[in-house]
Amino acid sequence: MRLLLVFFLLVCTNLFAQTDFKPGYIITNSMDTIKGFVDYRGEVRNMKRCNFKESLNSDTKTYLPGEIYGYRYEIGKYYVSKQIDTKDFKDLVFVEFLLKGMINLYYFNNINYAAYFLEDENGKLLEIKHNEVKVERDGYEYIAEDHKYIGLLNYVFREYPQILQLSKNVDLTHKGMINITKKYHDYVCSDQACILYEKKVPVLKIELRPMLGVDISSLNYIGQKFSSYTFDSSISPFVGLGANFIIPRFNEKMSVLISTTLNRDYFYGTDVYHASLYDQYYYLHYYNTNLTTNLSLKYTYPKGQIRPEIIAGIFFKSSVHESGRQDVKIVSQTTVTTSSLDMDLIEGNPKGFIIGAGAEYKLFKKIRFFSNLKYFHGSSKLNFKGDIRMSSWRFSTGVIL
């Protein structure tokens, strides 16, 4: 098991480092354009460095902010080098160029700090961001949002009453900031349209994944009561529904997968005790209809018709219906005696970890499917002294909606 985990972690490390080069170009500091392919790694990574190839077979060149004027994906975002110098953040970075007009609009995000910037004709940047302030009320301290940015927008657009009405209710989002900046440009410069660079990328994308599959489970009791039993594996079908949460602005290759499945396990265990005058045979039947909830981190390779994926996470089982029975048969030289005892075996809900791999693929023009194989390993307490170890292999397939 440890070797399997080590192998899985090595595979994860290798896949997470995979590149995703898309057609684009860089702009040198002398404003020359060099076409090629630019690595896409999500919004935060894109603002730190630019990995560039002139062809897919050439070596990768890494450019830091300031070493080039900027770079752009052919169908996508545009980044330029800017020096940010505010109270909360000071650094030379790549910022996303959202709109070019009488006032330029930029956006920067490094998880800990996010802000929009308005640039005037002299190249001066004005920070527009959410601020939090501490408010004390009734002896308690609260965190509230400071709308100071509205005052800054009012100052910038003070000569245009029509724009001031918008700034009072502007949302501090790409859509809100682009809208107000574009309207300002249209009032000031009606004979020349501004240039909109923004690629509309959703903040959150959710994919539903109905599925069906087969579960092959085994269990092992650790303790005095059932440790000598030999158990057959349980093979059962299952149905389920998953939801895949993707944050494209952060990293479109990584996602959080939550799924719930329903299946019915049946384990059959046997034990035998030989004495000089009799033989005692034990038969254990354990039935459990359960819901298994998975919370996983999923990486999907972003290229091709067939896109490999790897999965790692945790799971929780909750019993819908559970029953257990122990049959005992005592065979002596002259008689056979049988007895049966109902029992609840497991105390609490089993939980553990998941690792797995699979692929997303297209069988039809607009319909995507997935298949994967996962390994589950978990434990729980017995109602009798001891623990239970449960593991299973699950193959599932389904459609992506």
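Visitor: How many salt bridges does the count come to?

Guide: The count comes to 14 salt bridges. A salt bridge is a side-chain nitrogen of Lys or Arg within 4 Å of a carboxyl oxygen of Asp or Glu. This is a predicted model, where local features need pLDDT of at least 70, side-chain atom pairs count only at pLDDT 80 or more, and totals for chains, interfaces and linings use all residues. Residues are numbered from 1 along each chain as its sequence is written, and side-chain values use heavy atoms, with hydrogens and water left out.

Visitor: Why would side chains pair like that?

Guide: Side chains of opposite charge can pair when their charged atoms come close.

Visitor: OK, which residue forms a salt bridge with Asp-215?

Guide: Arg-394 does, and the closest N and O atoms are 2.6 Å apart. The pair links distant parts of the chain: Asp-215 is in strand β14 and Arg-394 in strand β23 (residues 387-400), 179 residues apart. Strands are DSSP runs of E with at least two residues, helices are runs of H or I with at least four, and both are numbered from the N terminus.

Visitor: Are those two buried or exposed?

Guide: Asp-215 and Arg-394 are both buried. Buried means under 20% relative accessible area, exposed means over 50%, and partly exposed is in between, using a 1.4 Å probe and protein chains only.

Visitor: What about Glu-309, which side chain does it meet in a salt bridge?

Guide: The side chain of Arg-209, at 3.6 Å from N to O. Here too the pair links distant parts of the chain, with Glu-309 in strand β19 (residues 306-332) and Arg-209 in strand β14, 100 residues apart. Glu-309 and Arg-209 are both buried.

Visitor: And how do Glu-360 and Arg-368 count, buried or exposed or in between?

Guide: Glu-360 counts as buried because its relative accessibility is 6%. Arg-368 has a relative accessible area of 27%, so it is partly exposed. Their side chains meet in a salt bridge of 2.8 Å, N to O.

Visitor: New topic. What is the volume of the largest pocket?

Guide: About 640 Å³. Of the 31 residues lining this pocket, Lys-22, Lys-205, Glu-252, Pro-302 and Arg-307 are the closest to its centre. Several elements give two or more residues to the lining, including β1 (21-27), β14 (205-222) and β17 (251-274).

Visitor: How is a pocket found?

Guide: On a 1 Å grid over the protein atoms alone, a cavity is a set of points where a 1.4 Å probe fits but cannot get out, while a pocket is an open set with protein on both sides within 12 Å along at least five of seven lines. Lining residues have an atom within 4 Å of a point.

Visitor: How many of the lining residues are charged?

Guide: In the largest pocket, 14 are charged, 11 are nonpolar and 6 are polar.

Visitor: And how many in the second largest pocket?

Guide: That lining has 6 charged, 8 nonpolar and no polar residues. The second largest pocket holds about 460 Å³ of space and is lined by 14 residues, with Ile-103, Asp-120, Val-156, Arg-158 and Tyr-184 nearest its centre. Two or more lining residues come from each of β9 (114-119) and α3 (148-156).

Visitor: Which residues form the nonpolar patch on the surface?

Guide: Val-203, Leu-204, Ile-206, Leu-208, Leu-241, Ile-247 and Leu-401, with about 660 Å² of accessible area together. Patch residues have over 30% relative accessible area and no salt bridge; nonpolar side chains are joined within 5 Å, like charges within 9 Å. Val-203 sits in the loop between β13 (195-196) and β14, and it counts as exposed because its relative accessibility is 53%.

Visitor: Last one: what is the phi of Ile-111?

Guide: Near 75°, a positive value in a residue other than glycine. Ile-111 lies in the loop between β8 (104-109) and β9, and it counts as exposed because its relative accessibility is 58%. Met-31 also has a positive phi without being a glycine, about 70°, and lies in the loop between β1 and β2 (33-39).

Methods:
Grid points are joined across faces, edges and corners, and a volume is the space filled by probe spheres set on the points. Ala, Val, Leu, Ile, Met, Phe, Trp, Tyr, Cys and Pro count as nonpolar, Asp, Glu, Lys and Arg as charged, and the others, Gly among them, as polar. Accessible areas come from the Shrake-Rupley method with a 1.4 Å probe; for residues, only the protein chains shown count as cover.
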